[in-house]
Amino acid sequence: MSPGRVLAIAETEFRILRRNRWLFIATALLSVFALALTISGASTSGALGVDLLTISVASMTTLAVYLVPLVALLMSFEAIAGDAERGSLALLLTYPVSRGTLLLGKFVAHVAGLAIAVVIGFGLTGVVAFAMGGAGPESGLALLRLMAGSILLGAAFLAFGYVVSGFSRSVAAAAGGAGFVWLILVVLYDLVLLAMVIWDNGGAFSRQVFPWVLAANPADALRLFSVTASTEQALATGMGAAANALPQGVALLSLLLWPVAGLMLARLVFGRRVP
Amino acid sequence: MTDNAVLNVSGLTRRFNGTGGISDVTLRVAAGERVALLGHNGAGKSTLMKAVLGLLPVDRGSTSIAGHALGSAEARAAVAYLPEAVAFHPALTGREQLRLFAKLAQVPRKEADDLLDRVGLADAADRRIGTYSKGMRQRLGMAQVFLGKPALALLDEPTSGLDPIARHDLYALIDALAAEGTGVMIASHALTEIEARTDRIAILRQGQVVADAPLSELFARAQLPIRIRLEAPGDASALFERFGGHRINGARVEFSVTADNKMARLAEVTALGTAVRDLEIIPPSLETLYRHYSQQGEPS
């Protein structure tokens, strides 16, 4: 695996990301939603006694949990199945390029694209809140945490997208698979946990198992990671109880491990695929 | 031929569950030689190519490319490939795509730019591939085959779906490639063009090589009938009684001869003088030859 070749693939993939406007769409999507939440939150910040940015970071965390995995999956679901469908995958692999190099090159480009979208999208909110006098050092730090966590969450779902793409015989199947992954991990997972907590009615499951199961899902890990920044955040999101039941750093660990585990799984699936 | 073989396949076997695959394929391609690989869909052409490229694990057999064992870095660098109907990413330009391949193959970027000129894409080099015609995409595909002067090039259906002019252009490039010393293997369905453009023909049937020789030799071995068509000035009954065959209309008769008795029969015809107004000799077509070898011994 040579760094020169990884970079060559990454450069090309980033160009594609820019050309087919994904970079622009992702950035615009995050910016518009984040700004809308901030401006609508401006009216409630006074009542809660916290600054504007604190409120909007809390709202943006919920936004990021839904939107960032979606954007990441949309960027990555085509990665392997698309090249295979065009016939260029077999061709690329006859060059001195390993599957790992190919995957890593794409990952570098996609993470860079996602990071740009997150930093601009959420950063804009920080600037607006600061201009309106509703930001302090503490809420500024919370915003940075949210950005970093969102990029890690996106990286995890990029990797999940490659896994789906590696399994899929066609681009259409990959798109369906990516939608399924999003639905399961981002929506249904939480609903099932909620149902179990209600059914358990404050028993052992809710107190001991639930926080860990929550942290095991990267999307929920972002919620936990984001709220542990401050007690104000915990108040605003209502995630404090679960966060307090876990040792420090578990959520961050989950966010750091999933991209790595996902990439390894994607490499495994890709390796079994005959182009 | 043994010393300058750029591809040496021996006993190569790869079976898929149930049907398909190749079994016990032995083939050789010499430097500068153009070999056509013919066969029905599913006869194993693409499987053979992918096995030689190292994209598909094989069950048995050995393959060496330019003297290097399959799977070694040297073998990989010595072989170029043009997949069937390859479509590059539509958002990239031809130049960007070719420069990526050059970078991966560690070939100077200048060579990629020169090749775009050579395949006639100089004017379109900075346009997106999405705007290219099918012929232009295939020429871009050929440009990457040239990169790094490979010892062996495997082209999978390079002319399928191209118009006659684009097809002609592509074969000119293939000829140039062979002239530079690259051994070329072309999988194809387009029988008529194979005739003039290849030195040798290998026919695959159900994963096995059923013929592998120059075209003239294949014709001689198959002993296919040559048809002779005679036209009489008036009624052709006398000719029909003499030569048999079948009557086409009142004045014409058609009959078959073999390569051995062809000259004797022709002498008979010319001896008839003015009783024959016109004579047409129809050699067996490539299609007939192909059908002969690809259906041999089949139950139907």
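A nonpolar core is a set of buried Ala, Val, Leu, Ile, Met, Phe, Trp, Tyr and Cys residues joined through C-beta atoms within 7 Å. Buried means that 20 or more other C-beta atoms lie within 10 Å of the residue's own; exposed means 12 or fewer, and partly exposed is in between, with C-beta atoms placed from the backbone. The model is predicted: local features need pLDDT of at least 70, side-chain atom pairs count only at pLDDT 80 or more, and totals for chains, interfaces and linings use all residues. Residues are numbered from 1 along each chain as its sequence is written, while chains are lettered from A and ligands numbered from 1 in the order in which they are written.

## Cores

The largest nonpolar core holds 156 residues. Within it, Leu158(A), Leu7(B), Leu152(B) and Leu154(B) touch the most other members. Helix α8 (residues 137–167) of chain A gives the most to this core, 16 residues. Another core, of six residues, lies apart from it; Ile228(B), Leu230(B), Ala232(B) and Leu239(B) are among its members.

Contacts use a C-beta cut-off: two residues are in contact if these atoms, placed from the backbone, lie within 7 Å. Beyond neighbours within four places in sequence, Leu7(B) contacts Leu27(B), Arg28(B), Val29(B), Val52(B), Ile65(B), Leu152(B), Gly183(B) and Met185(B).

## The two chains

Helices (H or I, at least four residues) and strands (E, at least two) are DSSP runs, numbered from the N terminus. Chain A has 14 helices and zero strands. Chain B has eleven helices and 14 strands.

| Chain | C-alpha extent along principal axes |
|---|---|
| Chain A | roughly 60 × 45 × 30 Å |
| Chain B | about 75 × 45 × 35 Å |

In chain A, 51% of the 275 residues count as buried. For chain B, buried residues make up 38% of 300. Contacts also reach along the sequence. In chain A, 81% of contacts between residues at least 6 apart join residues at least 24 apart. In chain B, residues 24 or more positions apart account for 69% of the contacts with a separation of 6 or more.

The radius of gyration is taken over C-alpha atoms, and the globule rule is 2.2 Å times the number of residues to the power 0.38. For chain A the radius is 20 Å, close to the 19 Å that the rule gives for 275 residues, so chain A is as compact as a globular protein of that length.

Chain B is divided into domain 1 (5–220) and domain 2 (225–283); these bounds come from an automatic or database domain assignment. The C-alpha centres of the two domains of chain B lie 44 Å apart.

The expected span of a helix is 1.5 Å times one less than its number of residues. α8(A) has 31 residues and reaches 46 Å from its first C-alpha to its last, close to the expected 45 Å. Of those 31 residues, 24 are buried, so α8(A) is largely enclosed by the rest of the structure.

α1(A) has 17 residues and reaches 24 Å, close to the expected 24 Å. Its buried residues are Arg5(A), Val6(A), Ala8(A), Ile9(A), Thr12(A), Glu13(A), Ile16(A) and Leu17(A). Their cover includes α2 (22–41), α4 (52–76) and α7 (99–131) of chain A, together with α3 (94–104) of chain B. After α1(A) comes Arg21(A), with a positive phi near 70 degrees.

## The contact between chains

The contact takes 19 residues from chain A and 23 residues from chain B. On the chain A side, α1 (3–19) and α6 (88–94) each supply at least two residues. The largest share of that side, six residues, comes from α1(A). By class, the chain A side has ten nonpolar, five polar and four charged residues. Here Ala, Val, Leu, Ile, Met, Phe, Trp, Tyr, Cys and Pro count as nonpolar, Asp, Glu, Lys and Arg as charged, and the others, Gly among them, as polar.

Leu55(B) lies in the loop between α1 (45–52) and β4 (60–65) of chain B. Leaving out residues up to four places away in sequence, Leu55(B) touches Ala90(A), Leu93(A), Thr94(A), Val274(A), Pro275(A) and Lys50(B). Leu55(B) is partly exposed, with 19 other C-beta atoms within 10 Å.

## A buried strand residue

Leu12(B) lies in strand β1 (residues 5–15) of chain B. Leu12(B) counts as buried because it has 25 C-beta neighbours inside 10 Å. Leu12(B) and Thr63(B) are 51 residues apart in sequence, yet 7.5 Å apart in space, C-alpha to C-alpha.
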